[in-house]
Protein chains: 2
Amino acid sequence: MLKITQAERDAVYKTIFNRRDVRAEFKPDTIPDDVLKRILTAAHHAPSVGFMQPWDFVIVRSEQTKQKLKQGFIQANAEAETLFEGERKAQYSALKLEGILEAPIGICVTCDRTRTGPVVLGRTTNLDMDLYSSVCAVQNLWLAARAENIGVGWVSILHDEVLHQTLGIPEHIVPIAYLCLGYVSKFYDQPELEKRGWLKRQSLSSIIHEGQWQAKSHK
Amino acid sequence: MLKITQAERDAVYKTIFNRRDVRAEFKPDTIPDDVLKRILTAAHHAPSVGFMQPWDFVIVRSEQTKQKLKQGFIQANAEAETLFEGERKAQYSALKLEGILEAPIGICVTCDRTRTGPVVLGRTTNLDMDLYSSVCAVQNLWLAARAENIGVGWVSILHDEVLHQTLGIPEHIVPIAYLCLGYVSKFYDQPELEKRGWLKRQSLSSIIHEGQWQAKSHK
């Protein structure tokens, strides 16, 4: 049996604990093709329901495409800002929340809900399992990128139709994530929102329930 | 800046490529508390939208609880079987699709859609971002477990209400995954469904699109 050694295990934890959502620290340096291919191969080896592999990866490099997506972000972010109030709104507006133009590469990860036909093993009870498979691919991609010392930022403030139109994605394909990738000037030692006081890290004990769900307080 | 070395990078890829969905190979050996805590800590360091950390982990060890969940699987699987026909149905019925009773530990990963209040940074455009955050926690958990040489199996053929009732999970909390964890007699060298000829691995080139979506054939 293929064993993972102590040193290898430590490397996995180091990568998991030092993965960050990057917005402001992207450098323009090109990501070599072989590095990008390794990262995408790792994403492609995510678990998928019924081995459906519902994901696709649309690679964005063109300045013009990035400009369109940036406009989409600006619009969606203006809508988002109206949902916050007072001090929280000022705090929100001061945050940089994406690096669409700065990152040399964007990757749209999608989910093809029709792939391999109408009945998918393991997707008979919970129809969202295919979406979850594509999210697992996102997380594999993110960790592989961190292992390559490449930063990733997930831009979630963007309407699906902007991705559909800008990238020519067919109607029946669901965009799951738009990810910005690039080498970085630094990785924060904590999640940026934790560092900036937006929210605190919850204690591990507050999210673990032994045997049955227990009422816990989350602050 | 905290660099990942070549050896560490190789360890991450080794773990990603050798992660499997385990059903039949669980051994009864106890998972030590400190190992389980490391795995859950890794899950808790997944990315989450707006640093919302919407996940909880319900740990199942009791034989009685496992028996109830197994009954839930048997029922959902009987429903699933009716969706397959002919040779495919025979092939489906011959597969072992879960190890609920054999695995020493079960973990239900959930999503609390109300955590941190009604407005969540980054979850204003796509309301499913919180579900996706919990899926990222599943994938972190899965890779950390593999790094500990522990197998994980995701049981998706199980109705949410069985998890709600059996584990006492409140109505507003969404079960994302029921995972079986345990040491294993072996890890397959390929995904089991690939090995058994259920579906083939797609080529990387068929899922990568340069610049714009391209029509590709998926077989």
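Strand S1 (residues 55-60) of chain A pairs with strand S5 (residues 208-210) of chain B in the parallel sense, over three bridges. Strands here are DSSP runs of at least two residues in state E, helices are runs of at least four in H or I, and both are numbered from the N terminus; two strands pair if DSSP finds at least two bridges between them. Within this pairing, Val58(A) has His209(B) in S5(B) as its bridge partner.

The model is predicted: local features need pLDDT of at least 70, and side-chain atom pairs count only at pLDDT 80 or more, while totals for chains, interfaces and linings use all residues. Residues are numbered from 1 along each chain as its sequence is written, chains are lettered from A in the order in which they are written, and side-chain values use heavy atoms, without hydrogens and water.

The contact (heavy atoms within 4.5 Å) takes 102 residues from chain A and 102 residues from chain B. Together the two chains bury about 9300 Å², with 64% of it on carbon and sulfur atoms. Buried area is the accessible area, for a 1.4 Å probe, that two parts lose on being put together, summed over both. In chain B, the residues that lose the most area to chain A are Phe51(B), Leu121(B) and Trp213(B), together 9% of what that side buries.

Six salt bridges are counted between chain B and chain A. A salt bridge is a side-chain nitrogen of Lys or Arg within 4 Å of a carboxyl oxygen of Asp or Glu. Lys14(A) forms one with Glu8(B), where the closest N and O atoms are 3.0 Å apart. Helix H5 (residues 129-147) of chain B gives twelve residues, the largest share of the side of chain B that touches chain A.
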